[in-house]
Amino acid sequence: MGSFIILMGVSGSGKTVIGKALAPKINAEFIDGDNLHSQRNVDKMAAGIPLTDADRLDWLQLIAKVGREHADNGGNCIIACSALKKSYRDLLRVDNQSIRFVYLKGSFDLIHDRIVKRAHQYMPSSLLQSQFATLEEPQADEPDVFTVSIDQGIPEIVEEIVKADLIS
């Protein structure tokens, strides 16, 4: 049995860059959840329209399936997925006993500064406020979530996650 880690947080929290740096350190495959969105969702986001829960349902189910298949086949995988609401995380947990979440936590100002400095295919900085409005930070009733502050360098963030020993 392998492991399945979701790197979660709002857009600009570093899910992709952390995932790419973390994967070789824990012998895992990194998958950017953005690449699993339907074209319809991509078009909405590119137009600056926030996705609804209904828009996200198939996407979250696909992420859960991909992660479960990796773990069931003995592999380790990391998927970058915002997983902003507890209901989204609960959906990802269905039939995924090996799932762990890493919450990349940062302030609005820190993340906004990062977003305006990068180019993203379909996540304009104008959507950041809606992401923070949607975010339900993990609470004590979600013991499978490890929180790491992103107000440090990428190597330090990766090392903190590696030390958390989330791979079963």
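Author: Helices (H or I, at least four residues) and strands (E, at least two) are DSSP runs, numbered from the N terminus. Axes are lines fitted to C-alpha atoms, for helices over the stretch in contact, and angles run from 0 to 180 degrees between N-to-C directions. This is a predicted model, in which local features need pLDDT of at least 70, side-chain atom pairs count only at pLDDT 80 or more, and totals for chains, interfaces and linings use all residues. Residues are numbered from 1 along each chain as its sequence is written, and side-chain values use heavy atoms, with hydrogens and water left out.

Reader: At what angle do helix α3 and helix α4 pack?

Author: Two packed helices are described by the angle between their axes and the distance between the axes. Helix α3 (residues 53-72) meets helix α4 (residues 86-93) at about 35°, and their axes are 9 Å apart. Contact means heavy atoms within 4.5 Å; here D53, R56, L57, L60, Q61, I63 and A64 of α3 touch Y88, L91 and L92 of α4.

Reader: Which residues of α3 are buried?

Author: Buried means under 20% relative accessible area, exposed over 50%, and partly exposed in between (1.4 Å probe, protein chains only). In α3 the buried residues are D55, R56, W59, L60, I63, A64, V66, G67 and A71. They pack against β1 (4-8), β2 (29-32), α2 (39-46), β3 (77-80) and α4. Just after α3, G74 has a positive phi of about 85°.

Reader: What is the angle between helix α1 and helix α7?

Author: Helix α1 (residues 15-22) and helix α7 (residues 154-163) pack at about 60°, their axes lying 10 Å apart. The contact involves V17, I18, A21 and L22 of α1, with I154, I157, V158, I161 and V162 of α7. For classes, Ala, Val, Leu, Ile, Met, Phe, Trp, Tyr, Cys and Pro count as nonpolar, Asp, Glu, Lys and Arg as charged, and the others, Gly among them, as polar. The contact of α1 with α7 has nine nonpolar, no polar and no charged residues.

Reader: How many disulfides does the structure hold?

Author: A disulfide is a pair of cysteine sulfur atoms within 2.5 Å. The structure holds zero disulfides.
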